Amino acid sequence: MPEDNNAQKPDSKDQVALDMMKFIAVTTGYGKGGANAGFGAGKGTKSPEDYADALLELFSRCRATVAKS
């Protein structure tokens with residue numbers, strides 16, 4: 001069924017970058033602050049603005065990586 005194959009393909013490189021960012025953020029806790037994977041300097045939790053900035057930075061890095069491919 002061709003429809004099934006099209007449903008699994010991302011629409012654009014931005015979508016691929018977004019999916020990559022979500023995967024990294026969810027699996028690593030990226031940008032949340034605190035101790036991640038045992039590497040923490042005793043920092044408290046980040047503010048929502050800091051968290052959003054960290055996710056935007058991660059998305060930019062993911063876009064740059066996808067653009068190279």
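This is a short tour of a predicted model, stop by stop. Local features need pLDDT of at least 70 and side-chain atom pairs count only at pLDDT 80 or more, while totals for chains, interfaces and linings use all residues. Residues are numbered from 1 along each chain as its sequence is written, and side-chain values use heavy atoms, with hydrogens and water left out.

**Stop 1: the core.** Select Ala 17, Met 21, Ala 25, Leu 55, Leu 58, Cys 62 and Val 66, the seven residues of the largest nonpolar core. Such a core is a set of buried Ala, Val, Leu, Ile, Met, Phe, Trp, Tyr and Cys residues joined through side-chain atoms within 4.5 Å; buried means under 20% relative accessible area, exposed over 50%, partly exposed in between (1.4 Å probe, protein chains only). H2 and H3 each supply at least two of the core residues, and H3 gives the most, with four. Helices are DSSP runs (H or I, at least four residues), numbered from the N terminus.

**Stop 2: the salt bridge.** Select Asp 14 and Arg 63, whose closest N and O atoms are 2.9 Å apart in a salt bridge. The pair joins helix H2 (residues 13-28) to helix H3 across 49 residues. The rule asks for a side-chain nitrogen of Lys or Arg within 4 Å of a carboxyl oxygen of Asp or Glu, and the count comes to one. Asp 14 has a relative accessible area of 38%, so Asp 14 is partly exposed. Arg 63 is partly exposed too, at 42%.

**Stop 3: Glu 57.** Select Glu 57 in helix H3 (residues 48-68). Glu 57 counts as partly exposed because its relative accessibility is 44%.
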